[in-house]
Amino acid sequence: MATLNPNPLDAHVFKIPDPPEEFGQDGGKFYRCYDALANELDDDMVSGLKDQLNGLLIFAALFAGINTAFLAFTLPLLSADSSDDTNALLAQNNALLTQLVTGRNDSVPITSPLPSAGFSAPHDIVIINALFALSLAFAIISSFLAVLGCQWLVYYRKRSGGGPDSQRWEQLRRYLGAERWRLQTILDDVLPSLLQIGLIIFCLSLILYLRHLSPTIAVIVGVPMYVGLAFFIGSALCTIWDKYCPFHSPLSHMLLGVRTIKRLKWRGLISAHTIKRWFRLLTHGRGEESLETLQIITLRRAICTSDDPATLLYATANILGISNPSQMEQLWRDSDFQERFRDQFENSYARMLQLRGRDQIDIAVAARRLYCGVATHIMLVLDSHRRSTYDLTLVHTAKEATISAPQEGLSECSAGLVRATLRFPTHQVDRSNLPDEAVKNIGGHLIKYSDSDPDPDWRLFSVIMWAVFNLNTVQRLKMESAPQSYGCRDVETMIQTLDKAFKTLTGLECSSLVDCDGVLMNILKGVRQIIVVNRDQSHIITLQHKFALLEICEPVLRSLRVSDGARQAIRNIRVDLAKAWQREFTFRATHTTIPARFVDMLKNYLAGLRTIYQADPGYHECLDVLRAFSPPIRQLFSYDPSTWANRDGWRKRIAFHKYFNAFVFDIDELSGRIQRKTLLQIRNPDERWCHRQQETLRIRAIYSLPSDPPGSQWDRIQQLEISDGSSYPSPQEQ
């Protein structure tokens, strides 16, 4: 169906689509294919039903005319014949005239009742006329419904206003309504069955009428009619034994429906829940399908119906844009879709080889990569929350161990395809370990993968981290963590995966499988891209998540295997986070109020630093932290109490003032220990003393927070905090 490509077998004009990040965001390619397919399907259905209705109207008109002619003969038999009364009266007159002529004196009764007075229609005549009238009624009803069906079809194909998207969804809702209310069944089966029932009744009444006239003629006419009726019933029974028998009719469909009704669980249909549901539908009406449901239906309809390679590939590519397990479950639970997708998955390479041209092998490989990636995506999304009961062993039938995207075109690939192809080797877990060549292939692609997306895609970032920390697990990927990290919607899982990846890249086992320095630099670049995203560009990555990312980057600096470029990248991340933190609380101070959690985030980060850098090697890193965060901290402390959200914020601000100065003094003490070691190497006492005094004064003077001026609002709040039983004054009281 829907052959859209002018030459779908020409490899020169055929191209495998790149999966979109979100469903339908492929430049309208899938929707154009689907609209053409839907129009073709609707036109075929409407034209077929219209032809049938037109034929039914013609036959009903002829049948009604023949039936009316017979009724013209049989209806007079229900009443007395006026000629019988006339003949009776003439007989009486003749008797009187004869008596007068002959001179007889016989008495002639003149009060004898007429034949019409005691007339009663014969029972068989009543039955014959009732059957003829009933047959005519069926013909008239079927004609009326046929005309009404034509009006239904006109409304079904009538376009309303709005853009293409609005018309598409409205037409799809009409299609679902026609399926739900069995429009095709009514026009295909109910209307013809009414006419067929009327025809059978007419034949029966005709035989009875002929039997009333002449039993011999009734037998001669009745035999072929009985044979035709037996053939009609027998042909309907044949479809029960063989569903592909061509002798389908409304009777055969009714018999098949009876078999289906016997299998229904009537207790479930008449349960209290169902009764309440139907009552609610009757009182409130039925709601419209959501946009997500309509999108799933378009995919299912395109894949299950179309044979056009372009339509199938565009529909398959858009499956990668579905990340909601509920939507994926709604798509996968359809048995027709499962069967169709399995067939396309298993034969994708062979069918693409049928294309003509020089690039047919490349196109076949790209199509195979797409189907493998989509199959992996379906498997992992359905299993991401451990909620699916479906058969998820689809990818296990693949013969490939890996099917990675080409490195030369990786920058043009969507993040969804990169995630899916990187996760494809998980199908080997239940069978055997990954071969060495497959592991090296993944390791070789990790550098390109980690540098493939210029935009901060944290889901792709999480998948790359998952692949990194699993490379050294005896060359076997951990399937139990695959669905969660693939389909996760929380950033916490990505942060945990990143921590494991850092430990892998700074270890010794990973160096033989992947370029650790290159992957680490690309990962840090990705972390920096995520941190610099503004608050209006992402509602998923919060400021607290960004602090957590920096916290897991700090231990990397203690590894001796980390290059200078990676160290500098982490220091740049510190500066970017300090700016992001400053930008966020500045926005809060300008538009709303500053919550207490802004102080807690920085305090927790500094507490983690004190745990990590307890020895001399952390001195320079702590100084770098002071250089990055000291200016925004001073700006935060410059706001008056009315800018803070509540009294808890005031307490946190006062406590952090002491904590930060203690942190600065700890660094100063660390600086003193380093200087004492250095001074032992300086022989001039004056030079040693000057060096120590300048360094100590410089750290304390620059980075420590000054006390609040006496008499200021913050000083009054702090004094009230010291006094027992006092409460903080509100900003209005001040």
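Predicted model: local features only at pLDDT ≥ 70, side-chain atom pairs only at ≥ 80, totals over all residues.
On the surface, a nonpolar patch is formed by I200, L229, I233, L237 and W241, which together present about 490 Å² of accessible area. The element that gives the most to this patch is helix α6, spanning residues 215–241, with four residues. L237 is found in helix α6, and with a relative accessible area of 34% this residue is classed as partly exposed.

The crossing in which α19 passes α20 is left-handed. In the second pair, helix α22 (residues 564–591) and helix α23 (residues 597–612) pack at an angle of about 165°, with 11 Å between their axes. The pair α22 and α23 is therefore also described as roughly antiparallel, and α22 passes α23 in a left-handed crossing.

The structure holds 21 salt bridges. One of them is formed by the side chains of R300 and D334, at 4.0 Å from N to O. This pair links distant parts of the chain, as R300 belongs to helix α10 (residues 291–305) whereas D334 lies in the loop between α12 (325–332) and α13 (335–352), with 34 residues separating the two. R300 is buried, having a relative accessible area of 19%, which falls under the 20% limit for that class, while D334, at 22% relative accessibility, counts as partly exposed.

A salt bridge also joins R340 to D307, with the closest N and O atoms 3.0 Å apart. Here again the pair links distant parts of the chain, with R340 in helix α13 and D307 in the loop between α10 and α11 (309–319), 33 residues apart. The two partners fall into separate accessibility classes, since R340 counts as buried at 18% relative accessibility, whereas D307 counts as exposed at 55%.

Helix α23, already described in its packing with α22, also takes part in a salt bridge through D600, whose side chain meets that of K652 at 3.0 Å, N to O. D600 lies in helix α23 and K652 in helix α25 (residues 647–679), so that the pair ties together parts of the chain that are 52 residues apart in sequence. Both partners are partly exposed, with a relative accessible area of 25% for D600 and of 26% for K652.

Beyond these pairs, salt bridges also link several residues into a network, which comprises E554, R571, R574, E621 and D624.

Terms used:
Residues numbered from 1 in each chain as written. Heavy atoms only, no water. Patch = residues over 30% accessible without salt bridge, like charges linked within 9 Å, V, L, I, M, F, W, Y side chains within 5 Å. Areas by Shrake-Rupley, 256 points an atom, 1.4 Å probe, with all protein chains shown as cover. Buried < 20%, exposed > 50% of the residue type's maximum accessible area, 1.4 Å probe, protein only. Left-handed = near helix turned anticlockwise from the far one by under 90°. Axes fitted to C-alpha atoms, helices over the stretch in contact; angles between N-to-C directions. Parallel < 35°, antiparallel > 145°, perpendicular 65-115°, else oblique.
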